[in-house]
Amino acid sequence: MSSEHIPTKFSNPAPLGLAGFALTTWLLSMINAGWFTADGMNIVLAVALAYGGTAQMIAGVMELPRGNTFGATAFVSYGAFWWSFALFVLFLHDKVPAAFVGWYLFMWGIFTLYMWVATWKAPRALQLVFLALWITFFLLAAAEWTGMPGLKMAGGYGGLITAALAFYLSAAEVINEAHQRTVLPIGAPH
């Protein structure tokens, strides 16, 4: 009887987490950019709870046995962001001053900024997602603090760029793994 150990291969949860993040970010950013009115917010909230929040939480937990501290921290945190965003809009929006909402967004920007620093040795595509995202958070925070619609619109376009980059990285990771070669380049890590 052989006692040969077969190593466990864990699937890559990043494409799932990135897709949940990208889709939800895209939908919200279309409203922030002024493409749609806040009447579309209900679908954003549904997606934020079901996909942006839940799928990222699952992806983050799946990163733990892989030993990926960055992936676990990013996906669980942004999953919690989407859950907190949905709960805020559903139940608390009219009870929180805009300046405090600005601080909420600013602190997410700070978190994203140091996560971006952690990507400096990662593929370029991941670096770009986090670069675009911290800029987006800071623009949206400034919009809340100043009440300037142009800053909210700029934050919306930043979010659209972020979402497109995250969708690209998700697609690249799935397609490249399926083809077992680089079909969509993600930029070599440094």
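Me: Which helices each supply at least two residues of the lining of the largest pocket?

Reply: They are α1 (14-32), α3 (69-92), α4 (98-118), α5 (124-146) and α6 (149-179). Helices here are DSSP runs of H or I with at least four residues, numbered from the N terminus. Bear in mind that this is a predicted model, where local features need pLDDT of at least 70, side-chain atom pairs count only at pLDDT 80 or more, and totals for chains, interfaces and linings use all residues. Residues are numbered from 1 along each chain as its sequence is written, and side-chain values use heavy atoms, with hydrogens and water left out.

Me: What makes a residue part of the lining of the largest pocket, and which ones lie nearest its centre?

Reply: A pocket is an open set of points on a 1 Å grid over the protein atoms alone, with protein on both sides within 12 Å along at least five of seven lines, and a lining residue has an atom within 4 Å of a point. For the largest pocket 31 residues line it, with Phe-85, Phe-88, Val-89, Val-101 and Glu-144 nearest the centre. The largest share, 8 residues, comes from α3.

Me: What is the volume of the largest pocket?

Reply: About 750 Å³, a volume being the space filled by probe spheres set on the points, which are joined across faces, edges and corners.

Me: How many residues of each class line the second largest pocket?

Reply: There are 16 nonpolar, 6 polar and 3 charged residues. Ala, Val, Leu, Ile, Met, Phe, Trp, Tyr, Cys and Pro count as nonpolar, Asp, Glu, Lys and Arg as charged, and the others, Gly among them, as polar. Ala-14, Leu-18, Phe-70, Phe-75 and Leu-126 lie nearest the centre of the second largest pocket.

Definitions and conventions. 1 Å grid on protein atoms, 1.4 Å probe; cavity = no way out; pocket = protein on both sides within 12 Å on 5 of 7 lines; lining within 4 Å.
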